[in-house]
Amino acid sequence: MKKVLAMVLAASMILSLAACGGSKSGSQPAEGTTAAAASATTKTDPETLNVYLASEPAHLDPALNSSVDGGCLAVNSFEGLYRYNSEGKLEPACAESCEVSEDGTTYTFTMRDGLKWSNGEPLDAKDFAYSWKRAADPANAADYSYLCEVFGDKFSYETGLADDAVVASEDGKTLTVQLGAVCPYFLDLAAFPFFFPVYKETVEATKTDEVPTGTWANDAGDAFVCNGAYILQKWDHESSMVYVKNDNYWDADSVTVKTLNFMLTSNDTSAYTAYQSGDLDFIDSVPVDETAAAMKSDEFKILQQLGTYYIGFNYNSKLYEDLGLDEEQAKVFRHALSLLIDRQYIVDTVGQTGQEIANTFIPKAGADGNGGIFEEGTEGYFPLATTEEEMEANVEEAKKLLDSIGLLGEDGMVNKDVSFTYLLNTNDAHVKIAESIQADLAKVGINMSIDQQEWNVFLDTRKQGQFDIAREGWVMDYDDPINMLEMWTTNSGNNDCQFGRDDSKALDWSKYDDLITQIRKEADTAKRTELMHEAEDMLMETWCVVPIYYYNDPYMLKSYVSDVYGTALGMKYFYHAKINAQ
Amino acid sequence: MVKYTIKRILLAVLTIIVISMITFFAMNAIPGGPFNSEKAASPTVIAELEKRYNLDKPVGVQYILYMKNILKGEFGVSLKTGRKISSIIGESFPISAKLGLCAAIVAIISGIILGSIAALMRNKWPDRLIVFLTTLITAMPSFVMATLLLYYFCMKLGWVQAWTAGSHNIVLPVLALSLSPMAYITRLTKTSMLDSLGQDYIRTARAKGVPQLKVIFVHGLRNALIPVITYVGPMVAAILTGSMVVESIFTIGGLGSKFVSGITNRDYTLIMATTIFLATIMVIANLITDLVYKLIDPRISLD
């Protein structure tokens, strides 16, 4: 009787499960993907690469995409005039060569012969001319349309790109581009997804009133036509994407992995589990809690990334008035706060992936637009403290500064109530960094409270300048300092520090605006670099922008996969990947 | 009965309209917007997008325009992705529904069987075992359950893939979703079964020589199921409309995740459509529950 009962108990569960019918995949694991595969050195299916980048991308249309993961999908399925190779250097892609006029403002691209779209139709310079004009079209309202400012007077937000800015020759063999001024990073833009070609026929055919950009890239299907290494075959929204090799790609011979699968989730723990159980070969992020353990693995890799994690002070905050500080004193106050922050502790305990601590706004590895490295030979804006002694020296210096504005008491603590709020979006890492800064400031009696806001609310609050201090971060879109300098002009949507937005202040920020305009027009690249240094100096002298560390980009890749590479801009290239090559 | 049903349907429509109104004004009142991002787009770009989706008009006008479109059966497009709302729901709801229905079936069948066994074998070891397990499961939230299942079956044992491109393995998510309601149904069935087995009519039936099995299943269980049905209606609606956490852990693109990502992105059209859709299902499930009551137990008066 007991035995029967036990069986009934078990059967009731199994039966009711079976009643639902099996799913397509069933419960049998595919070959080579059992738990044992976690430590495998070869893969049973050497033609499929399983990848996790991030959650569902908002757009696969390269002109509309504005996320890094969406950019990764774009560079693996579309291709521009130029592309990055495994050394991170630019090389001709759809273009065969490029000639630049003497004054540096006219680029003439000669197209590669025999280019085809994924559907077999021919692709030439005319497709690029169409695509660029479409990308800049105000009706498309693309986030990245500001990139078109390099066309100078030939671009406006209201009318888009002028006809003579991008001209394709009658035979489609050459593309002539007329820029507004010298642009040392223009070839980087030629490799940037915003300037990738899109297939006119299906773009135009899928336009609707509600979606004037066309719905061609909203799903897999005949309308999704591309020109890169892989073509979208299946898209299970918020679950997975299947890309297969595009045989019409000009460089198809060098593509050995036939299928590229992407896991789409915002849950990086699930992705990490899938990686460990062998269901994924590449993950672009590791859960914060697992980082320390994951770093011990040979499969853990770190890429340099051009970006800076920093905190931003609201220049117009009432805090300074309340403390009785004028604008100059407020700068000294912010300078002191910057010195009090123990950056090394932050990267050691929160960042954890060996980030380099920062004392410049432009990342250390960033180019200068004149063939060199921008921060090479500069000392940074304050001494970096990596040891305890150096940190103590910084704290002493900070105290001197506080003393000079009458804020320091004899006991080495602030002599009045200095309280303000640090604004951030709810996120474990951000909160831990804030708490570390909070503890640093508390050592001199400064009372910083932490205000966590939901992501979208945070963006609004910060943009509107309703904060004292806020978490900030910027990863460069292209490798030129102007990308991180032009965001601080008075009317820029990213001027979170609110420079020049309060007329009652003595700060004359129009000088900065003029400087940026001058940089954009400067034909002499050496002079241009100099002007950019001037702009960074001007920005840093406000002490509103306080760098913490330079980003880096950790990822994990199975040991049986080789030739996956990435750039310092966050892009990952899978089309030259090889499995079991060793 | 007919009069009652009509009254309930009218009330249901009213409920949905009120819900849509509250949602619309509440979501517009909270800070943030659909076109916010870490790197801000230019103001002209944002103005163009707001114009395209009528967001430059007063909220009241927006609501009227929105409801007009709904009556025409048009839910619009997602502000974030430009995909049609109807196809977003059309794709994700079947996934959630399949998962939810399976989970509901598992929970109901095994819950009733286990509950009956526990009641019939009261204070013997099967009863004790069932009580122990159900208490344990009830105390465990579904996301803990889901994580544990993922950890053991995918990572430790390697029986099931944690993720496969292009298909879903539903066994683990169904388990994760069904265990908690199953435990509840088991306890509910046991209690009410014990209650109904002690009733006079059971003694009468037995005295009249009705076979044991018939007494248990026809006289006992049928009456014992009334409280279970009360619970099952809302439960089915709840798991049918997707469980955000379980879907996220098992990377299943169901409706639950759309609801949450809609709110995070301030994707107004997606928030409205999912809210109205979920509210409708809830209201319908409650209505059906009330009507089924009546069929099972004629003593219940609906009017």
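Helix H15 (residues 510-521) and helix H16 (residues 525-541) of chain A pack at an angle of about 160°, their axes lying 9 Å apart. Axes here are lines fitted to C-alpha atoms, for helices over the stretch in contact, and angles between N-to-C directions run from 0 to 180 degrees. H15(A) and H16(A) are therefore roughly antiparallel to each other (angles over 145 degrees count as roughly antiparallel, under 35 as roughly parallel, 65 to 115 as roughly perpendicular and the rest as oblique). From H15(A), the contact draws on A:Lys511, A:Tyr512, A:Leu515, A:Ile516, A:Gln518 and A:Ile519, while H16(A) contributes A:Lys527, A:Arg528, A:Leu531, A:Met532, A:Glu534, A:Ala535, A:Met538 and A:Leu539; contact means heavy atoms within 4.5 Å. Nine nonpolar, one polar and four charged residues make up this contact of H15(A) with H16(A). In this division, Ala, Val, Leu, Ile, Met, Phe, Trp, Tyr, Cys and Pro count as nonpolar, Asp, Glu, Lys and Arg as charged, and the others, Gly among them, as polar. The crossing of H15(A) and H16(A) is left-handed, the term for a near helix turned anticlockwise from the far one by less than a right angle, with right-handed used if the turn is clockwise.

The model is predicted, so to speak of local features pLDDT of at least 70 is needed and side-chain atom pairs count only at pLDDT 80 or more, while totals for chains, interfaces and linings use all residues. Residues are numbered from 1 along each chain as its sequence is written, chains are lettered from A and ligands numbered from 1 in the order in which they are written, and side-chain values use heavy atoms, with hydrogens and water left out. Helices (H or I, at least four residues) and strands (E, at least two) are DSSP runs, numbered from the N terminus.

Chain A also holds an open sheet of four strands in the order E4-E5-E9-E8, with antiparallel pairing. Strand E4 (95-100) and strand E8 (166-168) of chain A stand at the edges with a single partner strand each, so one side of each has no neighbour in the sheet. On average, neighbouring strands of this sheet are turned by 20° against each other, direction ignored. E4(A) and strand E5 (residues 106-111) of chain A run antiparallel and are joined by five bridges; two strands pair if DSSP finds at least two bridges between them. Across this pairing, A:Val100 has A:Tyr107 in E5(A) as its bridge partner. Helix H3 (residues 125-136) of chain A lies across E5, E8 and strand E9 (174-178), running at about 155° to E8(A).

Elsewhere in chain A, strand E18 (residues 469-475) is mostly covered, with seven of its seven residues buried; buried means under 20% relative accessible area, exposed over 50% and partly exposed in between, for a 1.4 Å probe and protein chains only. In a regular strand the side chains alternate between the two faces of the sheet. In E18(A), A:Ile469, A:Arg471, A:Gly473 and A:Val475 point one way and A:Ala470, A:Glu472 and A:Trp474 the other, and all are buried. Strand E14 (residues 300-313) of chain A pairs with E18(A) in the antiparallel sense over seven bridges, and A:Tyr310 has A:Glu472 as its bridge partner in E18(A). Strand E16 (residues 419-425) of chain A runs parallel to E18(A), the two being joined by two bridges; here A:Tyr422 is partnered by A:Ile469 of E18(A).

Chain B contains 12 helices and zero strands. Its C-alpha atoms fill a box of roughly 85 × 60 × 30 Å, taken along the principal axes, and 50% of the 303 residues of chain B count as buried. Among contacts in chain B between residues at least 6 apart in sequence, 75% join residues at least 24 apart.

Within chain B, the axes of helix H4 (residues 85-120) and helix H7 (residues 171-197) come within 6 Å and cross at roughly 35°. The crossing of H4(B) with H7(B) is right-handed, and its contact residues divide into 20 nonpolar, seven polar and one charged. B:Ser20, located in helix H1 (residues 2-29) of chain B, is buried with a relative accessible area of 2%. Not counting residues up to four places away in sequence, B:Ser20 touches B:Tyr63, B:Met67, B:Met272 and B:Ile276.
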